[in-house]
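User: I am new to this structure and would like to learn how to read its features. Please give the general idea for each one, then the case here.

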Amino acid sequence: MAYSDLRDGVGVRLETITALRVYKLAPDGEPEVPCAIVLPRAGQTRATIGYTSYPFRVLVLVTRADLPSAIKKMDDYLTSGTGGIRNAIEGDPQLAGHAQGLMVVEVQENGMFDWAGVRYYGASYLVDVIAA
């Protein structure tokens with residue numbers, strides 16, 4: 001199992017959401033929104049003998065203009081149903097055979113984010129993937 005397989009697996013799960021642009025690697029400039037950017041997160045801890053927890057951060061950015069519309073769009077992604085970020089990621093806990101399991105730990109932040117010198121409204125999801 002390669003780290004890139006896990007990162008790509010999380011990205012593939014996010015691609016199940018219609019009209020959401022997914023970046024499996026951080027874009028150099030301004031991303032096309034709405035988007036999800038799969039990023040590494042600090043830390044790598046032993047989950048149990050033979051398995052390691054690989055932490056990721058998924059940054060979801062919706063818009064940089066109209067705040068009321070941005071909040072409404074973010075509500076769609078925050079839902080636990082169809083179109084929700086958590087539902088999409090956790091839809092295949094084994095990431096097509098690359099992981100033993102995964103979990104969206106929490107939505108850590110929901111608000112304004114800076115990316116490439118531009119402010120966007122969005123949310124930051126913390127994801128832990130367990131793999132050998």
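User: Is arginine 7 buried or exposed?

Analyst: Buried means under 20% relative accessible area, exposed means over 50%, and partly exposed lies in between (1.4 Å probe, protein chains only). Arginine 7 has 17% relative accessibility and so counts as buried. This is a predicted model, in which local features need pLDDT of at least 70 and side-chain atom pairs count only at pLDDT 80 or more, while totals for chains, interfaces and linings use all residues. Residues are numbered from 1 along each chain as its sequence is written, and side-chain values use heavy atoms, with hydrogens and water left out.

User: Which residue forms a salt bridge with arginine 7?

Analyst: Side chains of opposite charge can pair when their charged atoms come close. A salt bridge is a side-chain nitrogen of Lys or Arg within 4 Å of a carboxyl oxygen of Asp or Glu. Here the partner of arginine 7 is aspartate 8, with 3.8 Å between the closest N and O atoms. Aspartate 8 is partly exposed, at 29% relative accessibility.

User: How many salt bridges does the whole structure hold?

Analyst: A search finds five. One of them joins glutamate 90 and arginine 86, at 3.7 Å from N to O. Glutamate 90 is partly exposed at 30%, and arginine 86 is partly exposed at 31%. Another links arginine 119 with aspartate 114, whose closest N and O atoms are 3.3 Å apart. Arginine 119 is partly exposed, at 44%, whereas aspartate 114 is exposed, at 53%.

User: What secondary structure does the chain have?

Analyst: Helices (H or I, at least four residues) and strands (E, at least two) are DSSP runs, numbered from the N terminus. The chain has three helices and six strands, in the order α-β-β-β-β-α-α-β-β along the sequence. The radius of gyration is taken over C-alpha atoms, and the globule rule is 2.2 Å times the number of residues to the power 0.38. For 132 residues the rule gives 14 Å, and the chain's radius of gyration is 14 Å, so the chain is as compact as a globular protein of that length.

User: Which strands pair with β2, and in what sense?

Analyst: Two strands pair if DSSP finds at least two bridges between them. Strand β1 (residues 21-23) runs parallel to β2, joined by three bridges; arginine 21 stands opposite cysteine 35 there. β2 also pairs with β4, in the antiparallel sense, over six bridges, with alanine 36 opposite valine 60. Five of the six residues of β2 are buried.

User: Which residues does isoleucine 85 touch?

Analyst: Contact means heavy atoms within 4.5 Å. Leaving out residues up to four places away in sequence, isoleucine 85 touches Leu14, Ile17, Leu20, Val60, Tyr77, Thr79 and Tyr125.
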